[in-house]
Amino acid sequence: MNKMLFSPLKLREVVFRNRITVSPMCQYSSEDGFANNWHLVHLGSRAVGGAALVTTEATAVEPRGRISPQDLGIWKDDHLEMLKQITTFIESQGALAGIQLAHAGRKASTRRPWDSGPRPVKLEEGGWIPVAPTSIPYDTNYPVPIELTRREMQVIEKAFQKGVERAYAAGFKVVEIHAAHGYLIHEFLSPLSNQRKDDYGGSLENRMKFPLEIVKAARKVWPEKYPLFVRISATDWVSGGWDLEQSVVFSKKLKEEGVDLIVCSSGGMVSYAEIPDEPGYQVPFSDRIRNEVGIPTAALGLITEAPQAEKILQEGKADLIAIARGFLRDPYWPLMAASRLQIETSLWPAQYLRAKG
Ligand SMILES: Cc1cc2nc3c(=O)[nH]c(=O)nc-3n(C[C@H](O)[C@H](O)[C@H](O)COP(=O)(O)O)c2cc1C
């Protein structure tokens, strides 16, 4: 036991030093999309802590695609300088730098969680009117989004493509397209949020069309040698919504488009979904997609203990383990896991060796 968690994985020409990745986590700490010292220390310390891959928070490909006005962005070249510093530091610690490219769709323009007041940010407070496949608001107190025209969809597709090009210029080795959690791409997939009457709504094939066009555009400009990930919500947890069966079909298409790994999350589409709150509750999605589609996956969601992570890998249910809140509690989660499990690794930075148990 306890061998796989600290074994390397190769995807395309990129080697992950172990199977532990930092799941994207919004920091709501940017101004005008810029990364700053917070991001450098936050992401950098988790690279010091031994993660194989440190992925940025949802990074907006255009300003109206931000969840909050304080989101990280990559819609202009000026954003690259600080991002480059961050990727350089992460790599200097032996980790890989990944970036999650995102568009918030109808869930854009909301207040950061720790600020008081109603969630949506009003126009007079610096908010904006969100866009979506269809003019259906996320929730009762949310604004009615503007339905995207075909032309505007092309602009967004281009913005994702530009984001990928900039990610390369900034030194990232992994791009993760955010197609989960009720944001724009997921909104096209789910019949709950996509009720378009054109070729991009209705049948499963039509609902997958724009998401697949974005992925195709991304893969076209992302170097062959680097892996492309897509994060999906495997289910909306609501009957009549997006579900695991559709996720399997979508994952097959993603594989055909050159996607290397599916990050198997869930939920986020509607506020009334009832989501189980138990350890590893999303692992069965990763298991099914990995083994039925034949594509590497990352499992995540309430994976907090090293033996639990190891067991998921040993049972062939995932290739990577993504951890979010566990990494907020302890940036050195992998170092401590290795020590506790008495696994000899070279993960410890020389500066910290005297603390190694
Ligand atoms: C503070 C915070 C911010 C998050 N931001 C993002 C995000 O930017 N993109 C994303 O895909 N998921 C985001 N998530 C979800 C996590 O990546 C992860 O999927 C979820 O927290 C379950 O993993 P955990 O149980 O290890 O925390 C966020 C979670 C937290 C706690």
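**Close-up 1. Thr55 and Gly98 face each other where strands E4 and E6 of this predicted model pair.** Thr55 is the residue that stands opposite Gly98 of E6. The pairing joins E4, which spans residues 53-60, to E6 in the parallel sense, and six bridges are found between these two strands.

**Close-up 2. The buried strand E6, residues 96-102.** In a regular strand, side chains alternate between the two faces of the sheet. In E6, Leu96, Gly98, Gln100 and Ala102 point one way, whereas Ala97, Ile99 and Leu101 point the other way, and the residues on both sides are all buried. Because seven of the seven residues of E6 are buried, this strand is largely enclosed by the rest of the structure.

**Close-up 3. The packing of helix H3 against helix H5.** Two packed helices are described by the angle between their axes and the distance between those axes. For H3 (residues 150-169) and H5 (residues 204-221), the angle is about 35° and the axes lie 9 Å apart, and the crossing of H3 past H5 is right-handed. On the H3 side the contact is made by Met153, Glu157, Phe160, Gln161, Val164 and Glu165, while H5 contributes Phe210, Glu213, Ile214, Ala217, Ala218 and Val221. By residue class, this contact consists of eight nonpolar residues, one polar residue and three charged residues.

Definitions and conventions:
Residues are numbered from 1 along each chain as its sequence is written. This is a predicted model: local features need pLDDT of at least 70, side-chain atom pairs count only at pLDDT 80 or more; totals for chains, interfaces and linings use all residues. Axes are lines fitted to C-alpha atoms, for helices over the stretch in contact, and angles run from 0 to 180 degrees between N-to-C directions. Helices (H or I, at least four residues) and strands (E, at least two) are DSSP runs, numbered from the N terminus. A crossing is left-handed if the near helix is turned anticlockwise from the far one by less than a right angle, and right-handed if clockwise. Two residues are in contact if their C-beta atoms, placed from the backbone, lie within 7 Å. Ala, Val, Leu, Ile, Met, Phe, Trp, Tyr, Cys and Pro count as nonpolar, Asp, Glu, Lys and Arg as charged, and the others, Gly among them, as polar. A residue is buried if 20 or more other C-beta atoms lie within 10 Å of its own, exposed if 12 or fewer, and partly exposed in between; C-beta atoms are placed from the backbone. Two strands pair if DSSP finds at least two bridges between them.
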